[in-house]
Amino acid sequence: MKIVLAEKVSPATLAVFQQEPGWQIVTPDQIKNGLAAELSDADALVVRSAVQADAKLLESAPKLRVIGRAGVGVDNIDTDAATHRGIVVMNTPGANAVAVAELTLGLMISLARAIPRANSTMHAGKWDKKSLQGQELRGKTLGIVGLGRIGLEVARRAASFGMNIIGYDPFVAPVIARENNVTLVPIDDIFKASDYLTLHVGLTTQTEGLINSTSIKIMKKGIRIINCARGELIVEQALADAIKSGHVGGAALDVFHQEPLKESPFYNLDNVILSPHIAGATDEAQEAIGIQLAMQVRDYLKLGVVQNAVNLPSLSHEEYKEIAPYIEMADRLGQFLAHATPGNLENIQISYTGRIAAGKTDLIRNAAIAGIFSSADGGSTANRINAAAIAAERGIRIQEDKKEFTPGGAGSVLKIVLHSSDGDASASATVLHGNSPRLLSYDGIDIEAPLHGTLVAIRNHDVPGVVGRIGTILGEQSVNIANFALGRAHSNHSQRVPHGQALAVVQIDVPKASSATAAVDALRRVEAIASVRLIELGKL
Ligand SMILES: NC(=O)c1ccc[n+]([C@@H]2O[C@H](COP(=O)([O-])OP(=O)(O)OC[C@H]3O[C@@H](n4cnc5c(N)ncnc54)[C@H](O)[C@@H]3O)[C@@H](O)[C@H]2O)c1
Ligand SMILES: O=C(O)[C@H](O)COP(=O)(O)O
């Protein structure tokens, strides 16, 4: 495996990767011919906030499977382009929350007590005591926009200063706010009531330019604004103008539209404190982030475990372990069904029944689609990350339904129905003995067959002698049978399979048996034959 660390990460990050025998780790100082060239054979890319992992850069990384963001914000990564290419993007939520919260409190106190100016005047040999009288935080109103991991850490600390805390976050439960002494209010009330306003939201189309000339106008005179989230949340010129006019009493900014900051409307404004995007940069946070990210990237590359992905729902290690056999089963079921089904695909219907229906099913869905595509077109680039996106691009509709509880305790069953130009085809499967994928039905005929190795699916007339002849032909061709499963059509079962037909799914010990299957196909009483080879895909 080749891991490219495009930005400085803690030594602990490197140590995790270095423990893997044979893994090549490229550190930022070893990147001599540009990042794009380095990525041409890389499996993983690790970035912080400076490197722009855009669509163009990703084009130069044909083997890339994962981008690890050592931190929280992923606005420097084109996650759509990554998803399209089947690349998982993962970050380390929460690992730097305390670091950012502590700097936020530090900046609030610095604004209240003009600590930077006290320091610089002293270093200039001045004793400027008279101009340095400040205010207390106690009793002031703090408005927090974004009550996620960082926002709540800020709230807890601000409460100990005796501040009144109001917050705005449309996605937080009132109980969480209450438990952290935060009163939830509409965003305009945050602007109107806050003495201090701190931003802790990610950069999205909703949050970009949140602080602008219009929102500033309704803010309380003298408000102080702290931004340790993303520069683009603030229209910088509007804030600088409001500070110059005295409407805004001060600002402390850790993040900017352009980083590194080269020129700024905030330069030389006395009551503006600037820091170079250091809110998350503490020894403790970087150590925690580095170890967490390296382990996530390693586990994904080695085991396929997807943790803290931003382009797929996150799974804990335990959740992943539970659904991993169903992911594999879905892939094989998709392959089986697509191989055995002719026609142009229009619609894929995936039904989850039992325990799997209660959990996160995106990876199972994507694996099923990837399996279908891998059989349908040999050169498919669909994988378990991008399969649903590729289906959407191809105009293939995906329908999903879930039934958590089933009468009779049938366990977890996945059913796929392919609607194609030639009609419908369906198959269902489950996992037995912990990790053995089993076919349960095909085209409405119940059967119980292993979903691995090389399978030959044969539809024949349900009359005596056919099964024996199939066995004889395979034997004559020296094809050993590993498993022979039989099922029969019942009336009202399937329109595709008329009553009086049977299904045999034969697992054979050779990867190909063209002459044997041709001989079986030639049997007078065999209605149809489809040869299916299911490949052991391993983990992602
Ligand atoms: N300066 C730094 O070094 C630094 C370090 C870490 C994080 N950050 C930034 O801080 C941001 C917050 O980090 P976090 O770990 O708390 O993330 P988080 O995902 O835990 O919290 C973000 C919160 O914002 C809320 N939210 C989303 N849209 C909103 C909207 N329109 N209005 C109000 N709230 C909204 C979400 O519900 C969530 O609770 C990150 O996205 C990142 O950009 C900066
Ligand atoms: O989103 C984050 O985690 C912060 O912006 C930290 O960015 P950094 O890794 O470049 O310090």
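Reader: Which strand order does the open sheet of seven strands have?

Author: This is a predicted model. The order in the seven-stranded open sheet is E8-E7-E6-E9-E10-E11-E12, and the pairing is parallel.

Reader: What holds strands of a sheet together in general?

Author: Strands pair through backbone hydrogen bonds, and the pairing is either parallel or antiparallel. In this sheet the pairing is parallel.

Reader: Which are the edge strands?

Author: Strand E8 (182-184) and strand E12 (272-274). Each of the two pairs on one side only.

Reader: By how much are neighbouring strands of this sheet turned against each other?

Author: By 20° on average, with direction ignored.

Reader: Let me take one pair. How many bridges join strand E6 to strand E7?

Author: Five bridges. E6 covers residues 141-145, E7 covers residues 164-168, and the two run parallel. For a residue to look up, take Ile144: Gly167 in E7 stands opposite.

Reader: Which strands does helix H7 touch?

Author: H7 (residues 149-160) packs on this sheet and touches E6, E7, E8 and strand E9 (196-199). The direction of H7 makes about 170° with that of E6.

Reader: Staying in H7, how far apart are Arg156 and Glu153 in the helix?

Author: Three residues, which means about one helical turn separates them. Their side chains meet in a salt bridge, at 3.3 Å from N to O.

Reader: Is Glu153 buried or exposed?

Author: Buried means under 20% relative accessible area. Glu153 has 17%, so Glu153 is buried. Arg156 has 41% and counts as partly exposed.

Reader: Now the other sheet. What is the order of its five strands?

Author: E2-E1-E3-E4-E5. This sheet is open too, and its pairing is parallel. Strand E2 (24-26) and strand E5 (88-90) are the edge strands, each pairing on one side only. Neighbouring strands here are turned by 15° against each other on average, direction ignored.

Reader: How many bridges join strand E1 to strand E3?

Author: Three. E1 spans residues 2-5, E3 spans residues 44-47, and they run parallel. Leu5 has Val46 in E3 as its bridge partner.

Reader: Which strands does helix H12 lie across?

Author: H12 (residues 283-303) lies across E1, E3, strand E4 (66-69) and E5. H12 runs at about 170° to E4.

Reader: On to charged pairs. How many salt bridges are there?

Author: The cut-off is a side-chain nitrogen of Lys or Arg within 4 Å of a carboxyl oxygen of Asp or Glu. By this rule the count is 20. One of them joins the side chains of Lys302 and Glu20, at 2.9 Å from N to O.

Reader: Which parts does the pair of Lys302 and Glu20 tie together?

Author: Lys302 lies in helix H12, and Glu20 lies in the loop between helix H1 (11-18) and E2, so the pair ties together parts that are 282 residues apart in sequence.

Reader: Is Glu20 buried or exposed?

Author: Glu20 counts as buried, at 11% relative accessibility. Lys302 is partly exposed, at 46% relative accessible area. Leaving aside residues up to four places away in sequence, Glu20 touches Arg298 and Lys302.

Reader: What is the salt-bridge partner of Arg355?

Author: Glu322. The closest N and O atoms of the pair are 2.6 Å apart. Arg355 lies in helix H14 (residues 355-358) and Glu322 in helix H13, so parts 33 residues apart in sequence are tied together. Arg355 is exposed, with a relative accessible area of 60%. Glu322 is partly exposed, at 42%.

Reader: Which residues are linked in a network of salt bridges?

Author: Glu328, Asp331, Arg332 and Arg384.

Reader: Back to helix H13. What should its 23 residues span?

Author: Helix length can be checked at 1.5 Å a residue. The 23 residues of H13 (residues 317-339) should span 33 Å, and the end C-alpha atoms are 33 Å apart, so the two agree.

Reader: Where does H13 bend?

Author: At Ile323, by about 45°. A proline, Pro325, follows within four residues.

Reader: How many residues of H13 are buried?

Author: 17 of its 23 residues are buried, and H13 is thus mostly covered.

Technical notes
Residues are numbered from 1 along each chain as its sequence is written. Chains are lettered from A and ligands numbered from 1 in the order in which they are written. This is a predicted model: local features need pLDDT of at least 70, side-chain atom pairs count only at pLDDT 80 or more; totals for chains, interfaces and linings use all residues. Side-chain values use heavy atoms; hydrogens and water are left out. The expected span of a helix is 1.5 Å times one less than its number of residues. The bend at a residue is the angle between axes fitted to the seven residues ending there and the seven starting there. Buried means under 20% relative accessible area, exposed over 50%, partly exposed in between (1.4 Å probe, protein chains only). Two strands pair if DSSP finds at least two bridges between them. Axes are lines fitted to C-alpha atoms, for helices over the stretch in contact, and angles run from 0 to 180 degrees between N-to-C directions. Contact means heavy atoms within 4.5 Å.
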